[in-house]
Amino acid sequence: MFDHLPAYADDPILGLFDVYKADPRPGKVNLGIGIYCDEAGQVPVLESVRAARADGVGARGPSVYLPTEGGEAYRDAVRALVFGKAAAADIVVVQTVAGTGALKVGADFLKGVLPEAAIWMPDPTWANHAAIFSGAGFRVESYPYYAGATGRFDVDGAVAALRKLQAGSVVLLHPCCHNPTGVDPSQAEWHALFDVIAQRGLLPFFDMAYQGFAHGVDEDAWAVRECVRRGIACLVASSFSKIFSLYGERVGALSVHAPSADTGRLLGQLKLAIRRSYSCPPAQGAALVEAVLSNPAWNAQWRTELDAMRGRMRDMRTRLHRMLGEALPERDFGFLVAQNGMFSYSGLSAAQIEALRSRFGVYVVSSGRICVAGLNASNIGHVCEALADVCAGGAAQ
């Protein structure tokens with residue numbers, strides 16, 4: 001019965017990482033996978049998290065099952081982080097297996113309550129978005145997001161597309177640090193989006209994997225909080241892999257703001273979706289996140305560390321922009337400093353991306369997305385030389 005299994009197409013980002021690891025060249029640079037590395041090129045252990053571990057957080061007593069929805073203190077801490085300290089208690093939060101798990105739980109839940117709805121995703125978006133929602137049975141469509149001619153958010157195209165959607169359609173949104181482009185709407189553009197979402201009766205589903213990487217913890221949650229302030233029902237998938245540097249712990253949450261819903265029934269349906277999938281969430285990483293968010297001293301330290309991470313990525317953008325501008329003064333690399341977060345949409349062609357890898361050992365995913373968090377003082381010169389060479393040999397498309 002297993003003789004005719006279809007071939008599995010490896011995830012393009014993880015597959016590229018395997019090729020990178022096999023490359024024997026000592027000067028190779030990984031700008032593909034979305035992992036934050038420090039100036040030494042290492043995945044950091046945040047001191048706030050280290051302090052919590054040293055205090056015994058997550059390592060006390062026997063290892064027992066958590067509740068299906070996760071611990072109450074963790075969920076309260078996430079609610080305050082995402083929606084602010086004054087967030088209403090009727091916002092239902094459940095712990096999930098990272099942000100991917102939050103998207104999956106949200107997709108399964110929505111398919112049960114909105115079985116005929118389609119989900120509309122920005123073009124482009126993270127490749128796994130379509131796989132998650134189509135796997136849950138959704139019809140996946142797209143709306144205009146990135147305007148290649150200007151390198152900016154296509155607000156007119158997005159608003160025009162959303163105006164045509166049926167009430168109850170789900171709209172995927174990135175509150176900050178859009179993956180893969182790094183292009184975020186301005187507050188005025190968010191207002192335009194929320195106006196049409198409210199008018200058409202659409203349901204926003206926010207994927208917030210990088211809260212704090214664009215402008216700050218509270219600033220980056222502005223779109224989510226504005227949506228709630230307007231009374232618009234929404235879902236929010238949160239990931240703490242990047243902002244706590246806890247990639248292997250798989251810590252996340254799904255929050256649902258549904259002003260007219262019975263919160264007990266809402267929580268029950270979310271628990272049902274979790275129970276059918278993985279039954280209950282893991283404990284260790286969530287205990288660390290809960291402790292850091294709940295302890296004022298550790299929370300302040302974490303925010304300072306997050307500021308430093310954001311500042312280092314901003315510095316890498318600025319330095320690469322300056323160096324490329326000096327190497328190719330006739331080209332405009334302003335997109336590097338205009339975009340936010342870990343990723344920059346470079347506009348590199350397939351031939352240029354292949355040349356970067358084969359000739360220079362610089363690894364970039366096929367979309368041309370560059371992970372600026374992989375840059376540091378020791379490799380930025382090499383990366384700049386490689387980019388200048390391939391860009392000079394043919395204009396990026």
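Biologist: Trp190 and Phe206: buried or exposed?

Modeller: This is a predicted model, where local features need pLDDT of at least 70 and side-chain atom pairs count only at pLDDT 80 or more, while totals for chains, interfaces and linings use all residues. Residues are numbered from 1 along each chain as its sequence is written, and side-chain values use heavy atoms, with hydrogens and water left out. Relative accessible area decides the class: under 20% is buried, over 50% exposed, and in between partly exposed (1.4 Å probe, protein chains only). For Trp190, and for Phe206 too, the class is buried.

Biologist: How many aromatic pairs are there by the counting rule?

Modeller: Rings of Phe, Tyr and Trp (its six-membered ring) pair when their centres lie within 6.5 Å; planes under 30 degrees apart are stacked, over 60 edge-to-face, and the rest tilted. By that rule, the aromatic pairs come to 14.

Biologist: What kind of pair do the rings of Trp190 and Phe206 make?

Modeller: Their centres are 6.3 Å apart. The planes meet at 50°, so the pair is tilted.

Biologist: What type of aromatic pair do Phe240 and Phe244 form?

Modeller: Phe240 is buried at 0% relative accessibility, and Phe244 is buried at 1%. Their rings sit 5.8 Å centre to centre with 85° between the planes, which makes the pair edge-to-face.

Biologist: Which ring has Arg369 lying over its face?

Modeller: A charge sits over a ring if NZ of Lys or CZ of Arg is within 6 Å of the ring centre and within 35 degrees of the ring normal. Lys111 does this with Phe138, its charged end 5.4 Å from the ring centre. For Arg369 the distance to the ring centre is 3.7 Å, and the ring belongs to Phe343.

Biologist: What do the buried residues of H6 pack against?

Modeller: Helix H6 (residues 155-163) has buried residues including Val155, Val159 and Leu162. Contact means heavy atoms within 4.5 Å. The packing partners are strand S4 (139-144), strand S6 (152-153), strand S7 (170-173) and H7.

Biologist: How much space lies in the largest pocket?

Modeller: On a 1 Å grid over the protein atoms alone, a pocket is an open set of points with protein on both sides within 12 Å along at least five of seven lines, a cavity is a set where a 1.4 Å probe fits but cannot get out, and lining residues have an atom within 4 Å of a point. Points are joined across faces, edges and corners, and volume is the space filled by probe spheres set on them. For the largest pocket, that gives about 960 Å³.

Biologist: Which residues are closest to the centre of the largest pocket?

Modeller: Its lining has 22 nonpolar, 14 polar and seven charged residues (Ala, Val, Leu, Ile, Met, Phe, Trp, Tyr, Cys and Pro are nonpolar; Asp, Glu, Lys and Arg charged; the others, Gly among them, polar). Of the 43 lining residues, the closest to the centre are Gly151, Val183, Phe335, Ala338 and Gln339.

Biologist: Which element gives the largest share of the lining of the second largest pocket?

Modeller: The second largest pocket has a volume of about 600 Å³ and 27 lining residues. The largest share, four residues, comes from H4.

Biologist: What volume does the largest cavity have?

Modeller: There is one cavity of 30 Å³ or more. Among the residues lining the largest cavity are Phe213, Arg310 and Met313. Its volume is about 40 Å³.

Biologist: What is the omega of the cis bond between Asn179 and Pro180?

Modeller: Most peptide bonds are trans. The bond from Asp123 to Pro124 is cis, with omega near 5°. Pro180 lies in the loop between S7 and H7, and its cis bond with Asn179 has an omega of about 25°.

Biologist: What is the phi of Arg250?

Modeller: Arg250 is in the loop between strand S9 (234-239) and strand S10 (251-257), and is partly exposed at 32% relative accessibility. Although Arg250 is not a glycine, its phi is positive, at about 55°.

Terms used:
Helices (H or I, at least four residues) and strands (E, at least two) are DSSP runs, numbered from the N terminus.
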